[in-house]
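Please brief me on this two-chain model. Cover the surfaces, the fold, the interface, the core and the aromatic contacts.

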Amino acid sequence: MHGYFGSEDSGKVDSTDRRQRSSLQVCDGEKPVHRNDRETAESSSMSGFQDRFFGTAKSLVRSVMFFAVGGVLLAMAAVSLRGQTDCLACHGDKTMQDSAGHSISVDGKTFSASVHGSFKCNDCHADIKEYPHPDKVAKVDCKKCHADEASGLAGSVHSSSAEHPCTSCHGDAHAIFPKADARSSVYPLNVPGTCGKCHGDGAMANKHGLRNVYPAYMDSIHGFALSKEGLLVAANCQSCHGSHHILSRKDPQSPTYKTNIPKTCGSCHAKIELDYENGAHGHAVAAGDLKAPVCTDCHTAHAILQPTEAAFRTQSTPICGSCHTDKMSTYRDTFHSQLGSLGGYVETARCWDCHGAHEILPASDPRSPIAAANLVKTCGRCHAGANLSFVQYQPHANARDRKLNPALYYVRLFMNVLLISVLTFFLIHTILWLFRARFEQIRKGSGDGEKNA
Amino acid sequence: MPELERIEEPRVTEPGEKERYFIRFTLAQRYLHAVLFTTFLGLAATGLPLRFSESVWARELARVVGGFGAILFFHKFCALALTLAFLIHVKDLATRAFVHHEKGIFWGNTSMVANWKDVKDLFGHLRWFIGMGPRPTFERYAYWEKFDYWAVFWGMVVIGFSGYAMWFAPFFARFLPGWALNAVLVVHSEEGLLAILFIFSIHFVNTHLRPDSFPMDMVIFTGVESEEEFKTKRPQEYQRLARQGKLNARVGQAPASWQIHFARVVGFTAILIGLTLLVLTLSAYFT
């Protein structure tokens, strides 16, 4: 089997090359065996020998005997060499199985087209030196050539080679293609499916305490771009997580570690990363405030939605509100929130319609959309005809805070007193009346009220 | 009864008729009430989901009718219809007061304006509730009916103004201070809530569900009430009309059976919707 795995076709085209490659390999008994063309050359040089030493009969006979035997041996060796070299003679059989019933057949055609197609079988299956070979053969060690990848993998979350052999991502060892090749399991459009083999499996996710992120990703804006548009630059799993040296998001070295996320997303969304870093959240994170949000806190990591979509508009406000609780509660009191909470109407102002999304700046900053000088413009984006008086409206007014909003506080107080006193009085009035009227009816013995119906 | 003196409806009393029916409301007044309660139900049904937009039923309701856009459309549509009805009513009042010089509008036995008798009636009624005095005898409009009227009148002015101020905020901002734009929402929702709670509990019980009228006072739907009911509920008016010899002028036709069936269906539907909204409101308020 110590030949090459080339297909019959490529064998024909490429036979010289194949022969050269196979020349050093195989042994017959203990003797090195040479390949056919060299053998032919050697045969001619043998004839020269014979001519030179023809003079001595004895030596002639010995020479003839020696070379005859050697020639026969060599000829026999060449025949047997042919059979051993072509592993595919056996492994090309599609039904070939090992004793455990696993397929050990190799599709020579696919292999020869694969990234390793120019290699000989025992470049990788290095423990096999002769035919017949032992039933049990050693596992192929990819790291012999791919040392960098192997060392990356060793320090990663996928370090256990028993659970994560190279083939778990790269697929069939005899059909590995370059990642730019659409047939590759790590071709950008195939990456989610490859990772999803495990990470789309709920049981596997549970076992490792992970969320089942595959469906979330596939329904995200990145997933759609990838699966629907075939956009090669759309983020796939390894765009953010890396490939071999994948680290837990808790590892400060990981591209998905909180403080590294803006940079990770920024590798595509460069302008937004810049805006973010100039904004209040970016400043806070840079200053070491890990409570401040990074990209994924608002956009989520996998189920990222198109921000202009209704679904994102409705889900975004509570996300801001999960930190800005005071602003959230006053926002909830406003028409903006009341309208916005009801499905189907997404146009009302959300946090970032007024505050900006990435470059969020305090009102004291003249560049901020909520700086006093910019309010007419900011409100005017929705409210045509907004003027200086209109923008006095306080989108976070607190009617319960007498110091902050005295006028509003007293208006609310008046309305509440009115509501409670009217209802209380009439509730008592009505209940008393009910009892009295019923009592009167019973006393008069005409309790069915039929006459009035 | 100035407004009733102008009634052109036929007043036929069949000879030998067992029971006489007396007209209490004109057709226009009954229509006004119909427009009022249908638009009010519509406004309540579309306003409550906004007021309690965080509650599950509000979101479900909004989803069912086509989202907030649909809700706001219905709300504004009902608001415009109610505004129109209100303006017609005010115009009618103004014509009667200033063109026909009906002084009875502002003062007297048939006026909606509260007077000293209403105060005495209120306390007398309360005393009667607890068995400490005789039942007061009422005129054409009892004090709680006047309260209902003025509550709705005031409510329409307040809710209407604050509603339009929100609808056309940039326009109203030209002459309202900034904080008023915040205040109008508070006013609109609190006054709306008061109206809803009042109508769906107090008005329903006082007017329709109390034992004297149970299960429903049909007079606002048919326009007429039986002589006995008239005598029991408003003895002072009955006696005054009898004294003045105007009783016959008030006699109307007994309601047709289809009228009663129709009124029952409409009335019970309205009450059912109202009570449902009341339960939803209370559930949202206390959760």
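Chain B exposes about 14,200 Å², and carbon and sulfur atoms supply 70% of it. Chain A exposes about 27,300 Å², with 60% from carbon and sulfur atoms. Accessible areas come from the Shrake-Rupley method with a 1.4 Å probe, and for residues only the protein chains shown count as cover. This is a predicted model: local features need pLDDT of at least 70, side-chain atom pairs count only at pLDDT 80 or more, and totals for chains, interfaces and linings use all residues. Residues are numbered from 1 along each chain as its sequence is written, chains are lettered from A and ligands numbered from 1 in the order in which they are written, and side-chain values use heavy atoms, leaving out hydrogens and water.

**Chains**

- Chain A has 24 helices and two strands. Helices (H or I, at least four residues) and strands (E, at least two) are DSSP runs, numbered from the N terminus.
- Chain B has 12 helices and three strands.
- Of the 453 residues in chain A, 31% are buried. Buried means under 20% relative accessible area, exposed over 50%, partly exposed in between (1.4 Å probe, protein chains only).
- In chain B, 53% of the 287 residues count as buried.
- Contact means heavy atoms within 4.5 Å. In chain A, 50% of the contacts between residues at least 6 apart in sequence join residues at least 24 apart.
- For chain B, residues 24 or more positions apart account for 71% of the contacts with a separation of 6 or more.

**Interface**

- Contacts join 57 residues of chain B to 51 residues of chain A.
- The two chains bury about 4,900 Å² between them, 71% of it on carbon and sulfur atoms. Buried area is the accessible area (1.4 Å probe) that two parts lose on being put together, summed over both.
- Phe129(B), Asn182(B) and Pro211(B) supply 13% of the area that chain B buries against chain A, more than any other three residues.

**Nonpolar cores**

- A nonpolar core is a set of buried Ala, Val, Leu, Ile, Met, Phe, Trp, Tyr and Cys residues joined through side-chain atoms within 4.5 Å.
- The largest has 56 residues; Leu48(B), Phe68(B), Trp144(B), Phe198(B) and Phe200(B) touch the most other members. Helix α8 (residues 178-209) of chain B gives the most to this core, with 10 residues.
- Apart from it lies another core of nine residues, including Val411(A), Met415(A), Ala183(B) and Val186(B).

**Aromatic pairs**

- The whole structure holds 32 aromatic pairs over all chains. Rings of Phe, Tyr and Trp (its six-membered ring) pair if their centres lie within 6.5 Å; planes under 30 degrees apart count as stacked, over 60 as edge-to-face and the rest as tilted.
- Phe426(A) and Phe198(B) pair edge-to-face, 5.2 Å centre to centre with 90° between the planes. This pair crosses between chains, from helix α24 (residues 406-444) of chain A to helix α8 of chain B. Both Phe426(A) and Phe198(B) are buried.
- Trp433(A) and Phe129(B) are stacked, 6.0 Å centre to centre with 25° between the planes. Their pair runs from helix α24 of chain A to helix α5 (residues 116-129) of chain B.
- Trp433(A) is buried, with a relative accessible area of 2%. Phe129(B) is buried too, at 6%.
- Ring pairs link Trp433(A), Trp128(B), Phe129(B), Phe138(B), Tyr143(B) and Trp144(B) into a cluster.
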